[in-house]
Amino acid sequence: MRRFAFIEPPDLAAATEALARGAGKAAILAGGLDLLGEMKDRIIEPAAVVNLKTVRGLDAIRFEPDGSLRIGALATLASVAAHPRLGREYPAVAQAAQSVGSVEIRNVGTVGGNLCQRPRCWYYRSPLHKCLKKGGDVCFTTVGQSRYHAILGGGPSYIVHPSDLAPALIACDARITVVGPDGTKDLPLEQFYVLPSVRLDHETILKPGEIVTEVSLPASASADGGTRSRFLKFREKDSFDFALVSVAVALRLQGNSCSAARVVLGGVAPTPWRSKEAESAIVDRSIGPRSAAKAAAAALADASPMSHNEYKIPLARTLITRALLETADQGTGLAPS
Amino acid sequence: MARLVKRRVNARPRRRAGILARQAGRRPGPVDPHRRVFLRLHVNGADHTIAVAPHRTLLEILREDLGLTGTKHGCELGECGTCTVLLDGIPVLSCLALGLECDDRPVVTVEGLADGPTPHPLQEAFTELGAAQCGYCTPGILCAAKALLEADPDPNRDAIREALSGNLCRCTGYIKIFEAVELAAKRRREPRAAPSRETLFGRRD
Ligand SMILES: Cc1cc2nc3c(=O)[nH]c(=O)nc-3n(C[C@H](O)[C@H](O)[C@H](O)COP(=O)(O)OP(=O)(O)OC[C@H]3O[C@@H](n4cnc5c(N)ncnc54)[C@H](O)[C@@H]3O)c2cc1C
Ligand code: FES
Ligand code: FES
């Protein structure tokens, strides 16, 4: 790892100021799991590292009197996964946090770091490949190996967004708060992410000096507020791994009839991928194997696989079908064995 | 010669809530990349004060500055778990922790598991059941297993599997490791407990 200056700001104002002074050459350190990996591989070589963990009060997980939830950017994935009320009210979020990495990763990794983590594409992570995202001319997946890459929303880069938490939070209608030199912004988490056709150098709207401070979830997306949610993830290595495909669903049900739905996929696109097609295919229907399969097919109707990742289409369809059926207590959709 | 900056250090290690809470030890100004600052490390109950630059990881400091080479250096990217140590009592990857973040916090490495000449019950069980072959994964696995047994004295197989899911072993196939953790847990209740028949003979009857 290259040497860097180490800054421990006492508060957010000092942190944004240190980042602004670094003029794009200063990096934010939360748990450091992703950042230090990138620095070791020399994908980024910041002149200064700003340790957010010295800013107090950013790691709280707090239910408000109205039943909504705020999760500080520095809350660890382990604390999200283990929070009893969070697990009851927003099961998809707890399940997603629990599915990230290993115990050691969850003990240190933070919510903000998970949402802002950089792609895991092997060309992006390779010091030998100057790919599009690093200012080069080619997305090597178009000529090389595309097993783990995008089937939706790709071009000109075909990375997939690696976060497990993001699809679950978006399904639960989360908003994100960003503090920066121009003040505070609060926006739907869905709009925080941008496709490579809009921006190549980053997967989010974050500008230098901006810091994610928290995410908030409305009471209406909680179990108490009448929403059921669920997160499913398929990974190649069962001990721990990034998602090949993940899906988060949040449903409002009247009996077995679905009155509102959010369906968000992970691992298939350069951003968490909300499927309005699947949502409108299931709303006002009763949930059963046929309607769930139809919604799943709708989600993948526009998929365009690359040379090595067509397998993701049936995988995503199956996961969506299962997630819808399981959330509505209609079984798993799997043939009995 | 790098300039050394003198800093106030607390006399006694304090147990903090988690990895995130260390406002108390915050350095007032930026640490220059080429400067080293004093770091107070509490490793396996002993205090060390050493001068380190910001880019050094806990793993490098343990192995290179303190000579504690029990903790192994593997992938360096979080994927193998062989560098696992206990920080504030919880398992973390020392390859992805900066030394300066561990100022004044207790660290336990594999060297700290034994009680004087007496090996830790996990170490006994690992030896007895052949749960270590080349042994490269063992220090990390022992630390992760110690944290598990402290949180859950009677873990079932699934809990053990989950607690050790971040630790790769390329030799044993894991079964002996799981059985050794089970035996060590059992011996906390029954010090003379023998390995199960399945462990010894490969079948239950
Ligand atoms: C072996 C391994 C396995 C993993 N498995 C998974 C997995 O299965 N699923 C998954 O989703 N992720 C996985 N991850 C990715 C990720 O590292 C973790 O999910 C973790 O949450 C990252 O958090 P962190 O606090 O360590 O982030 P850091 O490394 O500190 O930060 C990550 C990035 O976000 C920026 N950043 C951090 N906090 C903020 C903030 N508050 N505001 C603005 N920018 C910020 C940093 O500058 C950096 O660029 C894995 C990582 C490793 C090393
Ligand atoms: S060396 Fe730290 S996880 Fe492999
Ligand atoms: S004993 Fe060789 S890697 Fe585990």
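**Where the two chains touch**

How many residues of chain B are in contact with chain A? In this predicted model, the number is 33, and they meet 30 residues of chain A. Within chain B, strand β5, made of residues 90–93, gives the most to the side that touches chain A, supplying 4 residues.

Sorted by class, the side of chain B that touches chain A has 18 nonpolar residues, 9 polar residues and 6 charged residues.

**The fold of chain B**

Chain B contains 6 helices and 6 strands. Read from the N terminus, its elements follow the order β-β-β-α-β-β-β-α-α-α-α-α.

Chain B has 205 residues, of which 43% count as buried. Take the contacts in chain B between residues at least 6 apart in sequence: 61% of these join residues at least 24 apart.

**The site around ligand 1**

Ligand 1 is surrounded by 36 residues. The site is shared between chains, because residues from both A and B surround ligand 1.

Several elements of chain A each supply at least two residues of the shell around ligand 1. The strands among them are β2 (26–29) and β8 (211–217). The helices are α2 (33–40), α6 (103–108) and α7 (111–116).

By class, the shell around ligand 1 divides into 20 nonpolar, 12 polar and 4 charged residues.

How values were computed: Residues numbered from 1 in each chain as written. Chains lettered and ligands numbered in written order. Predicted model: local features only at pLDDT ≥ 70, side-chain atom pairs only at ≥ 80, totals over all residues. Near = placed C-beta within 6 Å. Nonpolar A, V, L, I, M, F, W, Y, C, P; charged D, E, K, R; others polar. Buried ≥ 20, exposed ≤ 12 C-beta atoms within 10 Å, placed from the backbone. Contact = placed C-beta atoms within 7 Å.
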